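Try each task before reading its solution.

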Amino acid sequence: MNEFLVAALYMFTPLDDFEAIRSPLKAYCEERDVRGSLLLAGEGINGTICGPEAGVREVLAHLRSDPRLAGLNHKEAWTHRHVFKRMKVRLKQEIVRLAVDGIDPNEIVGEYVKPEDWNALISDPDVVVIDTRNDYEFAFGTFERALNPKTQSFREFPAWVDREDELQKKPKVAMFCTGGIRCEKATAWMLKNGFEEVYHLEGGILNYLEKVPEADSLWKGECFVFDDRVSVDHQLQPRWGEWIPEEARHIINEDTDYEKSARAEADDEEDDLLFALFVISFSASTLLVVGVPVTSSTRTPTTRRVLALKLMTKRA
């Protein structure tokens, strides 16, 4: 029986006092047994929460009681248990990190395309379809005709656009991501860099899977999500890591017991990586850091944190 509601949400809106929001919001969630990961920044809020339906809806109503977040949209899915181990609310420079100055989706953004109109757009041979997600996400599933930027982080996306042959003449492009947030920034960046016809899927893949019947769908495969469900099928039902593509095995250990495992503790202020990926995943006997086995003697939270930060530095 599916008793737990999962809500994915984001909104770009000025939050000058975002630091003051953090502790009260975390406590409000914990009091209602709502868990998940939320990012706060001066540009808005982003994340996913899970818990009993009443608790999740109270948190959403609480967020929308702030006039700046009154227009907050969210996407829903259901599961039989919690998909997070605890509640984390982090302070960040960006709610999705592109690491390019001057990109504000509130000022300029691509044209939104409703799920019902998406098939016609991406079936146009003159349209270049771009999956803005990372390589391991693409491996789980994607839309027909979509280009794979083969990125390991969203920050690599602008450099990929600059060198991709199919984009040198700045054609009409259609972009998509999991819930829509990466496309908000990606389309804004492309418009500022000379592209004139830039479209993106409203509400992302999750909205498409909800609104478009599978019989009419151009989506192939599963959709990776950033929690213990690992991925969801076309009915938004959790897959719990039952199938993991080869390209994602350095991120997720297919032998991990997702019912019992606990992801590594990480510093709330410095860990961009753990929110974005299952970079540190361990079973009863083995710790994996992007596919590198580490002996049991190094399984302390402090050591795991150091390893994660070293990896972040290497990727940067």
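**Exercise 1.** Does Glu-43 count as buried or exposed, and at what relative accessibility?

Solution. The model is predicted. Start with the place: Glu-43 sits in the loop between β2 (35-41) and β3 (44-52). Next, take the cut-off: buried means under 20% relative accessible area. Glu-43 has 18% relative accessibility, so Glu-43 counts as buried.

**Exercise 2.** Find the salt-bridge partner of Glu-43 and locate it.

Solution. The side chain of Glu-43 meets that of Lys-185 in a salt bridge (3.0 Å, N to O). Lys-185 belongs to helix α6 (residues 181-192), and the pair is 142 residues apart. Both residues are buried. Now widen the view: Glu-43, Glu-94, Arg-97 and Lys-185 are linked in a network of salt bridges.

**Exercise 3.** Describe the salt bridge of Glu-53 with Arg-57.

Solution. Their closest N and O atoms are 3.0 Å apart. The two residues are 4 residues apart in helix α2 (residues 53-64), so about one helical turn separates them. Glu-53 is partly exposed, at a relative accessible area of 35%. Arg-57 is partly exposed too, at 33%.

**Exercise 4.** How do the axes of helices α3 and α7 cross?

Solution. Helix α3 covers residues 115-122 and helix α7 residues 204-211. Their axes come within 9 Å and cross at roughly 105 degrees. Angles of 65 to 115 degrees count as roughly perpendicular. Therefore α3 is roughly perpendicular to α7. Last, list the contacts: Pro-115, Glu-116, Trp-118 and Asn-119 in α3 meet Asn-207, Tyr-208 and Lys-211 in α7. These residues divide into 3 nonpolar, 2 polar and 2 charged.

Terms used. Residues are numbered from 1 along each chain as its sequence is written. This is a predicted model: local features need pLDDT of at least 70, side-chain atom pairs count only at pLDDT 80 or more; totals for chains, interfaces and linings use all residues. Side-chain values use heavy atoms; hydrogens and water are left out. Axes are lines fitted to C-alpha atoms, for helices over the stretch in contact, and angles run from 0 to 180 degrees between N-to-C directions. Angles under 35 degrees count as roughly parallel, over 145 as roughly antiparallel, 65 to 115 as roughly perpendicular and the rest as oblique. Contact means heavy atoms within 4.5 Å. Ala, Val, Leu, Ile, Met, Phe, Trp, Tyr, Cys and Pro count as nonpolar, Asp, Glu, Lys and Arg as charged, and the others, Gly among them, as polar. Buried means under 20% relative accessible area, exposed over 50%, partly exposed in between (1.4 Å probe, protein chains only). A salt bridge is a side-chain nitrogen of Lys or Arg within 4 Å of a carboxyl oxygen of Asp or Glu.
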